[in-house]
Amino acid sequence: MSEQPQNQIPANQPIPPPPVPAPPVYYTPPEPKPPRVYTKPEMWLLLGALAIGILLDRLFIRSVVCYGLFWLAYLAVFTFFMWPKLRQHKLLLLLEAGCILLCIWPIFFSQHEYAAFLCLSLPWGLMLLTQATALDVKPMEIWVAFVGLLMGWFVKPFSAIPHFFAILSRMGNKRKGLWQVVAGIFIGALLLTVIVPLLWQADQVFSFYLNRIFADFNIGTFFFHLFISVLFTMLFYSFLWNARFGENKKAAALPPGGGDVIITAIAVGVLLFVYVLFSVIQFAYLFAGAGLPEGMTYSEYARSGFWQLVAVCAINFAIFGWCQRLCKPHKVISGMMAGLLGATAVMLASALIRMGLYLQAYGMTWLRLLSLWFTLFLAAMLLFCITKMLWPKLPLISLAAGVLIAWFILLGYASPDRIIVEYNISRLDMAAGERFSPEDRMFHGNLSADALPSLVDYCRATGDDAMIALLRERLAQMEAPDNLSTRQAYAVLEEYLNA
């Protein structure tokens, strides 16, 4: 009997139908997202940014007083839009109060070097305030604040620029009329700042007629200022929009301590050995009053190493912070840190004694006053570090930053130039007829208006004719008073010299 093939269908079974081909699959594009609906605060922020942009163009580089007023206007816009977040943090309110004091300082004082420091430091303080408010930074989140500062300078002013143009184009969706006119003028002005200068340089006939139409009007200057105002309006809108309405994600915190105890102990131990030798020399020559090497005076000895000591103290505090953050708690590390702080205390005492000797020999200047001020801040840092060892939860860096800002504000409001003059006058034996040397007269006569009332008191007490002649020259050179310090100095000089 022959076998039936395996693929042959038996006669009693029906033939299955052929397979139905699958229908073709066509690409279906995703549904477009509905346009973003902007809120009223986002629209009003545009007006605030416009005010900041215009004020920056008009005030920023005009004078130190105008510079402070510009940042005061920025603080007003910032506070108006960030108040719901800002009012929840008392420390941030204190930081804002400090920024306000720095903004109004130029209204009351005129010290030139401090004004330069203020112009450099004030934007950083405002950036810290803005980013700490936006990110809701806690005192212990130092890394978050640091990353926020970097993002605030290099990312936030640019990342929301598309929202700037989007809100201009959609401003009239809900309300016709005024908003559309404002948006149209704004976009048209933005285009004119680019197109008109190009056409002006591209065609001589076009530039000829423009110059005739605007004979008494500098069109190049006008469009330059317009461009600056529009550009910074856009940047400040992006920056503040990110702070108020953007997704402000905190950076990941640094991992907890994992540093090797042995490596850290050996490295710090080598430093402590050198510090012990240094301390022996300090106790022998500076603290105990042993004689210096031949040919060296105490003033030269004080002058030679002050800044180096301050730098070493700052490095020691950095090492202390690194060990506290990245090293595991251990008795050996704690002992090393105690020795490091003890050596730092010796160095700070040495630096202060050196500065005292230097001031006795040469008198006070702005750089010496700043050095003394910074050394006292480092002494406060030493106390904070000791407290940190006893209470590990202390936010050391946040506390140090707050004290540094407060100490800087106090230095400015103490009137540095007046301190310099009054200290140098106190060194004179006026009863014995001692007066300023010609170099001292020239130095004090060139100080800011803050020092002039004290110099008038010196002239009244001594009758120094050479100093009086310098004050007469200073009065003749004084321009219209631009702040209260200059106004007071002008009135005092005019009353004394014209009496």
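Predicted model: local features only at pLDDT ≥ 70, side-chain atom pairs only at ≥ 80, totals over all residues.
**Group meeting: a walk through a helical model**

Eight of the 11 residues of helix H18, residues 452–462, are buried, so H18 is largely enclosed by the rest of the structure.

Which residues of H18 are buried? They are Leu452, Pro453, Ser454, Leu455, Val456, Tyr458, Cys459 and Thr462. Take Cys459 from that list: its relative accessibility is 1%, so Cys459 counts as buried. What do the buried residues of H18 pack against? Their partners are helix H16, residues 416–426, together with H17, H19 and helix H20, residues 484–497. After H18 comes Gly463, with a positive phi near 65°.

Now a step back, to the chain as a whole. The protein chain has 20 helices and zero strands. Of its 499 residues, 40% are buried. If you take the contacts in the chain with a separation of 6 or more, 75% of them join residues 24 or more positions apart.

A word on cysteines. The structure holds zero disulfides. For anyone who wants the reminder, a disulfide is a covalent bond between the sulfur atoms of two cysteines. I mentioned Cys459, which is buried. Cys323 has a relative accessibility of 3%, so Cys323 counts as buried too.

In H16 the buried residues are Pro416, Asp417, Ile420, Val421, Asn424 and Ile425. What covers them? The cover includes helix H14, residues 366–390, helix H15, residues 396–413, and also H17 and H18.

Ser415 is in the loop between H15 and H16. Phi of Ser415 is near 65°, a positive value in a residue other than glycine. Is Ser415 buried or exposed? Its relative accessibility is 7%, and therefore Ser415 counts as buried.

Two packed helices are described by the angle between their axes and the distance between the axes. Helix H17 covers residues 438–445, and its axis packs at about 25° to that of H19, with the axes 10 Å apart. That angle makes H17 roughly parallel to H19. The crossing of the two helices, H17 and H19, is right-handed. Which residues make the contact? From H17 there are Arg441, Met442 and Gly445, and from H19 there are Ala466, Met467, Leu470 and Arg474. Sorted by class, this contact of H17 with H19 has four nonpolar residues, one polar residue and two charged residues.

Staying with H19, which runs over residues 465–477, we find Ala476 in it. Ala476 has a relative accessible area of 68%, so Ala476 is exposed. Along the chain, Ala476 and Tyr490 are 14 residues apart, and their C-alpha atoms are separated by 10.0 Å.

I will finish with some places earlier in the chain.

Where is Asp136 found? Asp136 sits in the loop between helix H4, residues 112–135, and helix H5, residues 142–154. Phi of Asp136 is positive, near 55°, in a residue other than glycine. With a relative accessible area of 30%, Asp136 is partly exposed. Compare Ser415, which also has a positive phi but counts as buried.

Then Val194, in helix H8, residues 178–202. Val194 is partly exposed, with a relative accessible area of 43%. In sequence, Val194 and Phe224 are 30 residues apart, while in space the distance is 9.6 Å, C-alpha to C-alpha.

Last, Asn242, which lies in helix H10, residues 219–244. Its relative accessibility is 8%, so Asn242 counts as buried. What does Asn242 touch, leaving aside residues up to four places away in sequence? The residues are Lys156, Ser159, Ala160 and Asn248.

To sum up: the chain has 20 helices and zero strands, the structure has zero disulfides, and H18 is largely enclosed, with eight of its 11 residues buried. H17 and H19 pack with their axes 10 Å apart. That is all I have.

How values were computed: Residues numbered from 1 in each chain as written. Heavy atoms only, no water. Disulfide = S-S within 2.5 Å. Buried < 20%, exposed > 50% of the residue type's maximum accessible area, 1.4 Å probe, protein only. Helix = DSSP H or I, 4+ residues; strand = E, 2+ residues; numbered from the N terminus. Axes fitted to C-alpha atoms, helices over the stretch in contact; angles between N-to-C directions. Parallel < 35°, antiparallel > 145°, perpendicular 65-115°, else oblique. Left-handed = near helix turned anticlockwise from the far one by under 90°. Contact = heavy atoms within 4.5 Å. Nonpolar A, V, L, I, M, F, W, Y, C, P; charged D, E, K, R; others polar.
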